[in-house]
Amino acid sequence: MSHGNESKPSSEIDERARELELNGEQFRSLVEQTLNYLSPYLDSVGEQPAIAGPVLERRQREMTSLYPSCFPSLGQPADFLLQSLFGSMIHEGYNPSSPGYLAFIPGGGIPESSVADLIANIVNRYLGLRRAAPQLAAIDDTVLDWFCQMVGYGPGSGGYLSPGGSIANMTAIITARHHQLGEHGHLGTIYTSEQTHHSITKAALHVGIPRGQIRLLPVDDFCRLNHQAAEAMMEADRAQGLKPFLLVSHAGTTNTGAIDRMDDGRKLADIQSLWWHVDAAYGGFFLLTDRGRQRLQGIHDADSITVDPHKGLFLPYGTGCLLVKDLVRLRAACSLRGDYMPRQAGESSERFDACDLSPEQTRDFRGLRIWLPMMLHGVDVFRANLDEKLDLAQHVYQTLIDWQSQGEPWWVSPNPELTVVAFRLSPSNTTSEDLDTMNRELLEEVHQDGSILLSPTILHGALTVRLCVLCFRTHQSHVDKALELIHQAARKVLQRHAKSISN
Ligand SMILES: Cc1ncc(COP(=O)(O)O)c(C=O)c1O
């Protein structure tokens, strides 16, 4: 019987189709070819710039053969593709693996996790159902148990290894709404500080909470949520017939690393009968250190917590995590199966299937990228790294304060509890527009040689520079280089604007 493709003999079609079935030797050859690029890359990453600029950009645009406008009909040699990737494409733009990357929230991307990814992708097991890969699911469980223990959760807790902090936050909102309001969530309101990460607002909007029911509340001088203002708003909302159901606190805001008062968070959530979620995407893994544990005291009382291994555990991008104090609640909110996904008699009532614990169905083997590096090194290596970063942030803060006390016009955010320092040039008698211009220029000057990348934000209405130390490759010399560049840049900018400042 004919099914089309009459022009091609079936043997030729089969041969093409089988090209995807690499044998062990072909795979080894491809990996070895790749390693020929990856090994020198890794050896040089400690000296690589944090930002690479327009020269490479121009070259990239010329390489149109690498960006075909439709599916390529023929394959290209691996070496050509690898050469192109490592020649310029990879080097273009921001480089979060570089020790000079002090922008946004870095992590660095420990290489051990990429080996885990290689294994996970080749064995390609389905982790949605426990019975599909029982011992591998036990690795995911083990990692989640470590995290639960770290935040101080007890029996009955558990979590979901997500693709990042945003999806973890979204799953927390879904769970909180389901638990607090069931299917009658349309009047539900959520409360958090104006310093929240936008993933909270975005997730709330995505799950159908109207913008008018998302309250971004004022903060104190330390950028921590003002709980009194939050409570007053909850009361006012109740009077309007709305249904407050969720308070989101922060264990490390993105702007300044501020930590909301954990004890007040729990108290307010109890008084108002709310779900209390803590976004610890940035700050969570500092719980591995003594200082972190002290500063995040009380976090174990949260109903759910987001942590982000691709930040504080230095993993390559792609792994976040939602922890819940009572796993049954997460399952109640997320479990829904099609007829083609029957439950099996005798399924464990203690350990649920991953597909019932998140919005995802098909799940890769995510735990391995955490388990392998942790098992290879032990937790002390990670703890030592986090402690070093806390010290480095203190050093940055102290240097800026020293400059300030020598009469230089710096505004500096309060003594950092984690590893972000926010600051700006702030000479008196200068308009807010001029101040923003000066600080934009400060950043441009610092970024000139590409070795250091900082990032801007808006804080208290003014353009402010953020420096965040969290890449595992960042050490004292890199932070000192950043400080030197900031100091030089400030002198230039102040000189350039000397006239407008003195007027
Ligand atoms: C405090 C905070 N929450 C949530 C997120 C979102 O996490 P992700 O980028 O992994 O989705 C971030 C990211 O920087 C963050 O800093």
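Predicted model: local features only at pLDDT ≥ 70, side-chain atom pairs only at ≥ 80, totals over all residues.
Residues are numbered from 1 along each chain as its sequence is written, and side-chain values use heavy atoms, with hydrogens and water left out.

View 1. A cavity is a set of points, on a 1 Å grid over the protein atoms alone, where a 1.4 Å probe fits but cannot get out; lining residues have an atom within 4 Å of a point. Grid points are joined across faces, edges and corners, and a volume is the space filled by probe spheres set on the points. By this rule there is one cavity of 30 Å³ or more. Its lining has 21 residues, and R130, D141, L144, F352 and L357 are the closest to the centre. Both α6 (134-151) and β3 (158-162) supply at least two residues of the lining, with α6 giving the most, five residues. Helices (H or I, at least four residues) and strands (E, at least two) are DSSP runs, numbered from the N terminus. The lining has 10 nonpolar, three polar and eight charged residues. Here Ala, Val, Leu, Ile, Met, Phe, Trp, Tyr, Cys and Pro count as nonpolar, Asp, Glu, Lys and Arg as charged, and the others, Gly among them, as polar.

**View 2. The largest pocket.** A pocket is an open set of grid points with protein on both sides within 12 Å along at least five of seven lines. The largest pocket holds about 790 Å³ of space. Among its 30 lining residues, L38, G109, P111, S114 and P316 lie nearest the centre. α2 (24-44) and α5 (112-123) each supply at least two residues of this lining, and the largest share, seven residues, comes from α2. By class, 17 of the lining residues are nonpolar, 10 polar and three charged.

**View 3. The second largest pocket.** This pocket has a volume of about 530 Å³. It is lined by 28 residues, with I105, H197, H198, T254 and N255 nearest its centre. At least two lining residues come from each of α7, α8 (198-206), α12 and β12 (455-459); β12 gives the most, four residues. The lining divides into six nonpolar, 17 polar and five charged residues. The space taken by the ligand is this second largest pocket, where a molecule sits in a pocket if more than half of its atoms lie within 2 Å of the grid points.

**View 4. The shell around the ligand.** The ligand is surrounded by 14 residues, the closest being G165, S166, D279, D308 and H310; a residue is near the ligand if one of its heavy atoms lies within 4 Å of it. α7 (165-181) and α12 (309-312) each supply at least two residues of the shell, and α7 gives the most, with three residues. Two residues of the shell are nonpolar, nine polar and three charged.

View 5. A polar contact is a pair of N or O atoms within 3.5 Å. A polar side-chain atom of S166 lies 2.6 Å from an oxygen atom of the ligand, and a backbone N or O atom of G165 lies 2.8 Å from a ligand oxygen atom. For T254, a polar side-chain atom is 2.9 Å from an oxygen atom of the ligand. The protein covers 85% of the 390 Å² of accessible area that the ligand has on its own, with areas from the Shrake-Rupley method with a 1.4 Å probe.

Terms used: Polar contact = N/O pair within 3.5 Å; in protein donor to acceptor, adjacent residues only side chain to side chain.
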